[in-house]
Amino acid sequence: MSKVWLVTGASRGLGREIARAALDAGETVVATARSADAVRAAFGDYDRLHARALDITDAEAANTAAAETAERFGAIDVLVNNAGYAELGFFETFTDEAVRRQFEVNLFGTMNVARAVAPHMRRRRAGLIVTISSVSGLVSNGGGAVYSASKFAVEGWMEGFAQELAPFGIRSLLVEPGMLRTDFMDGKSASFGSIDIPDYAEAIAQYRAFVDGANGNQPGDPKRLAARIVALAAQDEAPSRFVFGDDARQWAGAKVAQLQQEIARSADYD
Ligand code: NJP
């Protein structure tokens with residue numbers, strides 16, 4: 001029987017590919033982004049696609065989207081909490097407002113949608129929450145401090161929340177991709193620090209050159225990740241984490257090794 005998916009950030013990038021892959025697998029998909037027209041324009045003719053506007057920073061709108069989806073289709077089987085963007089650049093070049101905006105979308109927006117959907121899943125004692133985090137939720141580098149802070153927060157929140165939901169038959173899949181070919185690094189999505197600090201000028205110029213060179217050339221294929229997510233969602237015993245891409249697994253592995261060393265060395269100082 002067709003399952004019901006609710007996908008955020010489905011107008012472009014990974015969210016659109018996940019929605020498409022779910023539709024191609026025969027599922028019913030409520031695909032959302034800030035503009036329903038943008039979602040409609042992103043898809044061809046699918047009779048199981050239901051486009052709707054949802055800005056994830058609007059908690060009330062998230063509640064309404066979840067309630068109307070559950071009422072109309074009888075369930076929300078899979079939530080894909082995907083919408084997000086990056087504030088890229090060196091920490092001191094960001095205004096406080098920009099840092100808060102990053103958290104407003106990536107953390108609090110993602111929480112809004114999970115908070116809206118969880119009661120409907122608890123009622124049925126079933127469901128899967130797929131959270132699109134990032135390898136930047138496990139590893140932080142210069143230039144990515146603000147984005148990483150928001151994704152580390154997503155990781156910390158969802159790791160604990162997943163344990164709270166498990167007794168109700170609700171599963172969680174945290175996805176940590178490496179670099180994906182989407183609009184993510186493009187001016188259409190990414191924002192850059194706006195405060196001019198001469199001390200950082202050279203490092204920032206190098207960082208911007210890295211971003212400009214990587215934009216459009218990222219190794220990760222969002223279609224491939226989308227297909228993997230749809231396949232994992234169909235399994236009864238899906239993993240709770242999926243680190244996608246050789247780049248991500250290398251960075252995450254190096255971080256774990258470094259942490260292990262630092263933990264072992266900590267015993268010497270204790
Ligand atoms: O980015 P992009 P991705 N409310 O820019 C939507 C993570 N990730 O697909 O409203 C609702 O092509 C926006 O919709 P619109 C990343 O952190 C990526 O790569 O039309 N929706 C669009 O559909 C994010 O969590 C990479 O502008 C909002 C979508 O989000 C997820 O993957 C690596 C919104 C963004 O599409 C998808 O990003 C990684 C809001 N307030 C993790 N704000 C990567 N690409 O390299 C934005 O590790 N959207």
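A pocket here is an open set of points on a 1 Å grid over the protein atoms alone, with protein on both sides within 12 Å along at least five of seven lines, and a molecule sits in one if more than half of its atoms lie within 2 Å of its grid points. The model is predicted, so local features need pLDDT of at least 70 and side-chain atom pairs count only at pLDDT 80 or more, while totals for chains, interfaces and linings use all residues. Residues are numbered from 1 along each chain as its sequence is written, and side-chain values use heavy atoms, with hydrogens and water left out.

**The ligand and its surroundings**

- Around the ligand stand 28 residues, and Ser134, Tyr147, Pro177, Thr182 and Ser189 come nearest; a residue counts as near if one of its heavy atoms lies within 4 Å.
- An oxygen atom of the ligand is 2.6 Å from an N or O atom in the side chain of Thr182, and for the side chain of Lys151 such a distance is 3.0 Å.
- A nitrogen atom of the ligand lies 3.1 Å from an N or O atom in the side chain of Asp55.
- The protein buries 95% of the 900 Å² that the ligand exposes when taken alone, by the Shrake-Rupley method with a 1.4 Å probe.
- The shell around the ligand has 13 nonpolar, 10 polar and five charged residues; Gly counts as polar in this scheme.

**The pockets**

- The largest pocket holds about 1100 Å³ of space, a volume being the space filled by probe spheres set on the grid points.
- Its lining comprises 48 residues, of which Gly84, Tyr85, Tyr147, Thr182 and Phe184 lie nearest the centre; lining residues have an atom within 4 Å of a point.
- The second largest pocket has a volume of about 190 Å³, and its 13 lining residues include Glu159 and Ser240, both among those nearest its centre.

**The cavity**

- There is one cavity of 30 Å³ or more, a cavity being a set of points where a 1.4 Å probe fits but cannot get out.
- The largest cavity contains about 40 Å³ of space, and Asn81, Thr110 and Lys151 are among the residues that line it.
- Its lining has three nonpolar, five polar and one charged residues.

**A backbone feature**

- Arg125 has a positive phi of about 55 degrees although it is not a glycine.
- Arg125 is placed in the loop between α4 and β6; helices (H or I, at least four residues) and strands (E, at least two) are DSSP runs, numbered from the N terminus.

Notes: Polar contact = N/O pair within 3.5 Å; in protein donor to acceptor, adjacent residues only side chain to side chain.
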